[in-house]
Amino acid sequence: MVSKLHFKFDPNQEYQLTAINSIVKVFDGLPRYEKKFALEDIFPNLPPDESIYEDFLLENLNAVQRDNQIPESQNLEVDDGLVMESTGYESWRSPSFTVEMETGTGKTYVYLRTIYELYKHYGFSKFIIVVPSVAIYEGVRKTFEITKSHFSSLYGNEVVNLILYDGAQIGTVRSFATSSFIQIMVITIASFNSIKNNLYKRSEKLPGERIAYQYIQEVRPILILDEPQSIDNTETAKEAIRSLHPLFILRYSATHRVRPNLVYNLTPIDAYRQNLVKKIQVIGISEEDNLNRPTLILESVTQSPITAKVKTLVEEKGTLKEVVITLKQADNLFDKTHREEHKNGYRVEEIGAAKGKEFVKFENTLTIYLKENLAPSRPEIFRFQIRETIKQHMELQEKLYPKGIKVLSLFFIDRVANYTADNGIIRSIFDQEFEQLKNQYHQFEKYSPEQVREAYFAKKITQSGEEVAVDTESKNQEQREAEKKAFELIMWKKEQLLSFDEPVSFIFAHSALKEGWDNPNVFQICTLNQTTSEIKKRQEIGRGLRLCVDQTGTRILDEQINVLTVIANESYEEYAANLQREYTEAGEEAPPKPKRPQQSKVKRKDELFNSDDFQHFWTKLCQRTKYKISVNTEELITTCINNLNAVDFPEPKIVLTKGKFIITEYIILLESVNGNQSTIVLQTRSTENSQENNSLTPLESKYTVKVGSDLSKIFKNLCLRGFKVLEIIDRGDNSVVKFADKEQTELTKYQPIVFTSEKGQTPAKVQTVQTLQDTYPVFNLVDRAAKETKLTRATLNRIFQGMSEDRKKILFKNPEGFASTFIAKIKEVATYHVVSNIEFTLDIGQLPLQIDELFPLEKKIAQKELIDAGERGLYDQVQIDSDVERDFVQYRLLDDQKVVLYFKFPPLLKVKFPKVIGNYNPDWGIIRRGDNGNHILQLVRETKGKTDIEKLQYVRETFKIKCATKHFRAVGIDYRVIDDKVINWWVSEAEINQTQLF
C-alpha cells in the first residue's frame with residue numbers, strides 16, 4: 001500500500017507575498033463590490049455601468065513599481081482592438097498587468113492566492129485562467145487540488161469552485177456566470193480561438209437566449225494568462241481574448257516576450273541568490289577528436305531571407321573541422337565543404353521555413369528536419385550519460401534516504417522508438433547499466449530495472465486497435481487527445497512518485513514533459529539526444545528547479561541538498577554558454593555559470609578542525625543565550641504617532657503622467673593594455689541628447705581597469721552589469737580583455753562591444769489633475785492592525801487617536817491605502833524598538849549543533865565561486881559571495897601571519913533572534929594571535945560594502961547586526977562589522993572607539 005504524501009506550503013514566503021500584494025495594490029482605493037443576490041442573475045466582477053479609471057490605475061501602478069524598484073510606466077498600457085468577427089463588430093479595451101517569476105518559484109500558487117486576495121479586498125469573484133496546453137491545464141488542476149486545504153486555513157473556508165472547461169459540457173459556463181461564490185474557470189486557448197469552438201455555438205445543453213460566450217462577457221471576467229507568450233501570440237488569439245470582455249488581464253510567466261505594466265519581477269538571478277530554486281551543476285558528456293562519422297545537422301532556418309544553417313564537416317588545408325554553413329536555394333553543399341560524401345545530389349532543392357516544420361531537401365531527395373542528425377546513433381554517448389545518471393542518482397539516494405528524501409531522475413529523449421521499440425537502444429542500455437550498478441547500493445539491490453523506470457509518452461489508438469506512442473509534438477486533434485490522456489496519467493501521480501513505497505524513480509519522456517510538469521525531487525536531468533535537444537535548455541531544467549520535499553511533504557531548504565545535476569550530451573562549456581544565451585534572449589540576466597561538479601568539492605583540514613583552538617572556539621560559539629525585551633509603551637506610542645504624522649498616506653487621485661523614452665547606445669572600446677591593466681573607453685549616445693549634439697559627438701569617459709573590475713560600478717551604470725573583467729591578455733595591438741556572463745565576452749582594439757538599451761529613460765513626471773473626494777465604508781482598522789503587528793488594541797487605538805486630524809481623515813478617503821501605510825509604519829517602528837531594547841544574557845547549556853554535520857569532511861558547493869583558502873582556511877577552498885569577501889580573504893586573512901585559522905559560517909548555522917527581526921547567519925569565524933603574540937583572539941566578523949550599518953541597503957540587515965552585537969557580547973566573543981579596506985580588522989569595536997576619544 002503506497003502511503004499518501006501531502007505537500008505543505010509556507011504562507012509567509014516574502015517574495016510570493018510581494019508578488020501577490022503588488023497586484024492587489026494596483027487597485028488600492030477601489031471600494032469592495034458587494035453583490036446582491038437575485039434568482040437567475042448574472043454576478044459580474046463589476047456592474048456593466050461601472051469602470052476603473054485608467055489614470056487611477058496608472059498612479060497605483062507607479063507606486064507599486066517604485067516599491068519594487070521597477071522603472072515606472074509612462075502610460076498605462078492597454079489592449080484595444082476588435083473582437084472575433086463572429087461575436088460582434090465592437091472593439092474591447094482592457095489593461096494588462098505583468099508578473100514575472102522564475103520557473104520553480106510558485107507562480108501558480110501566487111496567482112491562485114491572488115484570486116483570494118482580490119476577492120477579499122475588492123469582491124472580484126469571476127476568474128478565467130487561460131493556458132496554452134493540456135500540460136499546464138492539468139498542472140493548474142493539480143495545484144488547485146493540493147493547495148485547497150491550505151487556502152481554506154488562510155481564508156476561512158471561502159467557497160471556491162474550479163471549473164475545468166470542456167466544450168462537451170457547455171452548461172458549466174452558466175454556472176460560472178450565475179454563482180455568487182468565487183468561480184475559477186481553466187481553459188486552453190485552443191478551446192476558444194476559433195469560431196468552430198463550442199463556446200460560440202448554440203446548444204441544447206444551454207437553453208435560453210444566451211450563447212455560452214455571452215455569459216462570460218456579462219461577468220466581465222478577470223483573465224489570468226499562464227505563459228502568455230504561448231497564448232496571445234497571434235492576432236486571432238488576441239481577438240478571442242477580447243471576445244471574453246475581460247475587466248483586466250494578469251500575465252504570469254518566467255519568459256515574457258512583452259511585459260505590459262510590469263508590477264513584479266523575480267529574475268533567475270534573484271531566485272538563485274535567494275536560494276528559492278535548486279542550484280545547477282552540469283556534467284557534460286561529448287565526443288571529441290572523432291570526425292570520422294558523416295555529420296549533417298539542420299541547426300536553424302530563417303524566413304527573411306529564407307536560409308538554412310547546417311552543421312557539417314569541412315576540409316580546410318587537409319584537416320577536417322566541424323563548422324556551421326549557411327545555405328540558400330540552389331546552393332551546392334559540395335562547393336562549400338569539398339567533401340566526397342557531398343559530391344552527388346547535394347544541391348538545395350527546397351527550404352521549408354514554416355515554424356515547427358523546418359526542413360532542407362536536396363536534389364537526391366534526401367530531406368533533413370530541424371535538429372535532425374543524419375549520422376547514426378551514438379550508443380556509446382548514451383551509455384556514458386545513462387551510467388553517470390544512474391550512478392549520481394544512487395549515490396544521492398543513499399545520502400538522502402536518512403533524511404526522508406526520495407530522488408527522481410528525468411531522461412529527455414528525442415526518438416520515442418529508441419525506448420519503445422522491442423530493441424529500443426535507450427531502454428536496453430538503461431537496463432544493463434542498472435543491473436551492473438544496483439548491487440553497490442542498498443536502496444536498489446532488490447529491484448529490477450523494469451520496477452524502477454517508467455516512460456511517459458503521448459499515445460493514440462491505431463485503426464487496428466493497437467496503442468502506440470506518438471513521436472511528435474501534438475499537432476492535430478487526435479494527437480491533442482493523446483497528449484491529454486498522457487498528462488492525466490502523470491499529473492496525479494506526483495505524490496506517489498515521491499514516496500519510498502513507490503519503486504519508480506527514473507522517468508523517460510519526449511516532448512510530453514517539456515512544460516507544465518515538474519516534480520520537486522527531480523535531482524538529475526539527462527538529455528539523450530542525437531544532437532542538441534530541440535527542447536529549450538531552460539525548459540529542461542525547469543522540470544527540476546523546485547526545492548525538494550521529504551516524506552512528510554515538507555520543503556527542504558538546505559542549499560547543499562538542493563542541487564540539480566544536468567547530464568548533457570555536449571561539453572560543459574557548450575551547455576553553459578547555450579543556457580546563458582537562452583536567458584539573454586528572454587531578456588534576463590543569466591545566472592552564474594554552472595560549475596563543473598569535479599571543481600566544486602571542498603575538503604576539510606582535520607589538523608585545524610581537531611585543534612584545541614578551533615574546538616574551544618566552537619564550544620564558546622555554541623553557548624546558549626536568552627534575551628529580554630524591555631518595551632517602553634509610552635515611547636513606542638509617541639514614536640509611532642510622530643512617524644505617522646510625517647508619512648505620506650496615499651490618496652485616491654487622477655494623474656497625468658509624462659516622461660521621455662530614451663534609447664541609449666553603448667560602445668565599449670579598448671584603448672590600450674599595459675601588463676595586467678587596460679584602459680577602457682565608454683561612449684554613450686542617446687536619443688535624449690541627439691537634438692543637442694546632433695548625435696555626432698557621443699559622451700565619453702575613460703578608466704583604467706584590472707582583473708575583477710566591474711564596469712557597471714566603475715562607470716556607475718547598471719546597463720553594464722555583467723561586464724566584469726575576467727582576464728587581460730597583453731599582445732600589443734592584438735591584446736584582448738575578456739568579460740564574464742555576456743554573449744560577446746572578448747574586447748579587442750579592432751572589435752568594440754556595441755549594444756543598445758532602452759532602460760536609461762528619465763524618471764516619470766507626475767501631475768495630479770484631480771484628487772478624488774469620495775469616501776468609503778471603514779472596516780475595523782484597529783482589529784486588523786492588532787493581528788498584523790501583535791500590539792494590543794488599546795495601544796493601537798492610542799496611536800490612532802494621537803494622529804493629527806488631517807491624517808485621520810484620509811482613512812475615509814482610502815481605507816485600504818491608509819491601513820497599509822498605518823500598519824507598515826507601526827511594524828517598522830516596533831521592530832526598531834525591539835532592537836533598541838533587547839538584551840542578551842548567557843543561558844544554561846549548549847546549542848544542539850552537530851559540528852560534523854555543519855563542517856563535514858567533504859562537501860560539494862554548487863554554483864558559488866570558490867577561491868583558494870590558503871594554509872589557515874578550515875577547508876582547502878572558501879566560498880565567497882562578493883568582491884568585498886574576496887578582497888578580505890586575499891588581502892587581509894591570507895597576508896596576516898598571526899591568523900591561526902578561519903572559516904565561513906555554514907548557511908545552516910543560525911543565531912535565533914525574535915521573529916520580527918529574523919534569524920542571523922554570521923560571515924566569518926577567525927582565530928588570531930594578539931599583536932604581542934601571547935594571547936588568542938576569538939573573532940566573528942561581518943563583511944559589508946560599508947562599515948556604517950545605518951547606511952546599509954536593507955534595514956533588516958541593520959537590525960540583525962545590532963542584535964548580533966549584543967548576542968556575541970553576551971557570549972564573550974569579539975564581533976565587528978568591517979569592509980575589505982579596514983586594515984586593523986582584528987581590533988575590537990571598543991578599542992576603536994576608545995582610541996577615537998583620544
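**Exercise 1.** Which residues in α1 meet which residues in α2? Describe the packing of the two helices.

*Solution.* The model is a predicted one.

Step 1. On the side of α1, the residues in contact are S22, K25 and V26, and their partners in α2 are L57, N60, V64 and D67. By class, the contact comprises three nonpolar, two polar and two charged residues.

Step 2. Two packed helices are described by the angle between their axes and the distance between the axes. Helix α1 spans residues 14–26 and helix α2 residues 54–67; they pack at about 155°, and their axes are 8 Å apart.

Step 3. Angles over 145 degrees count as roughly antiparallel. The helices α1 and α2 are therefore roughly antiparallel to each other. The crossing in which α1 passes α2 is right-handed.

**Exercise 2.** Determine how α20 and α24 are oriented, and list the residues that join them.

*Solution.* 

Step 1. The axes of α20 (residues 633–646) and α24 (residues 793–802) come within 9 Å and cross at roughly 40°.

Step 2. From α20, the contact takes T633, E634, I637, C640, I641, L644 and N645; from α24, it takes T795, R798, I799 and G802. These residues divide into five nonpolar, four polar and two charged.

**Exercise 3.** Characterise the second largest pocket, and state which element gives the largest share of its lining.

*Solution.* 

Step 1. The second largest pocket holds about 1000 Å³ of space. Its lining consists of 32 residues, and those nearest its centre are K399, D558, Q560, I561 and K859.

Step 2. Two or more lining residues come from each of β9 (279–284), α10 (379–400), β21 (522–528), β22 (563–568), α27 (851–854) and β35 (858–860). The largest share belongs to α10, with four residues.

Step 3. In the lining, 15 residues are nonpolar, seven are polar and ten are charged.

**Exercise 4.** Helix α10 also packs against α12; what is the angle at which their axes cross?

*Solution.* 

Step 1. The axes of α10 and α12 (residues 425–437) cross at roughly 45° and come within 9 Å. The two helices are therefore oblique to each other, and α10 passes α12 in a right-handed crossing.

Step 2. In α10, the contact involves P379, F382, R383, I386, R387, I390, K391 and M394, while α12 contributes I425, I426, I429, F430, Q432, E433, F434 and L437.

Step 3. Sorted by class, this contact has eleven nonpolar residues, one polar and four charged.

Technical notes. Residues numbered from 1 in each chain as written. Predicted model: local features only at pLDDT ≥ 70, side-chain atom pairs only at ≥ 80, totals over all residues. Heavy atoms only, no water. 1 Å grid on protein atoms, 1.4 Å probe; cavity = no way out; pocket = protein on both sides within 12 Å on 5 of 7 lines; lining within 4 Å. Points joined across faces, edges and corners; volume = space filled by probe spheres on them. Nonpolar A, V, L, I, M, F, W, Y, C, P; charged D, E, K, R; others polar. Axes fitted to C-alpha atoms, helices over the stretch in contact; angles between N-to-C directions. Parallel < 35°, antiparallel > 145°, perpendicular 65-115°, else oblique. Left-handed = near helix turned anticlockwise from the far one by under 90°. Contact = heavy atoms within 4.5 Å.
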